Amino acid sequence: MPGKSYMLKNLLTLVICCSLLGCRIEVNVGLGVYDDGDFRFINNTDLTMTFFIKNTLQSGNVFDSDYEIVTVNPQRLSNDVRYRWLKENAVNQIASQDTNSRMIGQSLTASLRDKEDYWVVSWLLNQSNYRLSLFSRRQNDTAGEFQVRIFANQTLQIDLNDPSTASLVAEAGLVTPFYSIAQCDDLTVGDIAVDLCQAGEIGRSYLVIVDANGQVVIARE
């Protein structure tokens, strides 16, 4: 008689719902009562990356094709992925792997919270060390200004065009608190000027992913 972990591996299902607004991928683990959350995957590396999620009740390796969720090109982000896991076990393994050679892989294990939404970021430390980070998505929309959190691949000075904020820094691999920004061009991270109007709308909140080579990804929280 197969055990629960064997059966769960074969009960992972993917449903892709498409509309004029894009595609949402829904991933279910097993049969039963679910908790769930929306995920967006950001690839802030120089390689195309495939992302995976495996509940720890499931058998096999997280990099098995059974657990593949989405593939993301360099400096891009995915659509929303609704991931549902069995309420009895919130512990999940999340991973990224370079799509072409399958030689570079990173993973982490986290206990997920029901109805919590998450960012998963694949990024480069010192241009050679591939890392993976998971943190919660937040919204802090405020009329008349941008609200911005920053995630950088190395420690970089933050300039908000305000002398009182001269000591702000983004530490490598850690997301900052929200900062209020009045104008599109008021944000500089390291030597990189970030134009929020390229992808943003005043009154909204954003995650800004910056690497020291000048690559920037701006994503709605």
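In which sense do β4 and β5 pair, and over how many bridges? The pairing of β4 and β5 is antiparallel and spans 4 bridges; strands count as paired if DSSP finds at least two bridges between them. The model is predicted, so local features need pLDDT of at least 70 and side-chain atom pairs count only at pLDDT 80 or more, whereas totals for chains, interfaces and linings use all residues. Residues are numbered from 1 along each chain as its sequence is written, and side-chain values use heavy atoms, with hydrogens and water left out.

The protein contains 1 helix and 19 strands, taken as DSSP runs (helices H or I, at least four residues; strands E, at least two) and numbered from the N terminus. Of its 221 residues, 47% are buried, that is, under 20% relative accessible area with a 1.4 Å probe, protein chains only (exposed is over 50%, partly exposed in between). Among contacts (heavy atoms within 4.5 Å) between residues at least 6 apart in sequence, 62% join residues at least 24 apart.

β4 and β5 belong to an open sheet of 4 strands in the order β5-β4-β8-β9, with antiparallel pairing. Since β5 and β9 stand at the edges and each has a single partner strand, one side of each is left without a neighbour in the sheet. Neighbouring strands of this sheet are turned by 20° against each other on average, direction ignored; the axes are lines fitted to C-alpha atoms, for helices over the stretch in contact, and angles run from 0 to 180 degrees between N-to-C directions.

Leaving aside residues up to four places away in sequence, F41 touches F51, I53, I69, V70, V72, R76, L77, S78, V81 and V120.

V120 is bridged to L134 in β11. β10 and β11 run antiparallel and are joined by 8 bridges. Their hairpin has 3 residues between the strands, and N126 takes a positive phi near 60° there.
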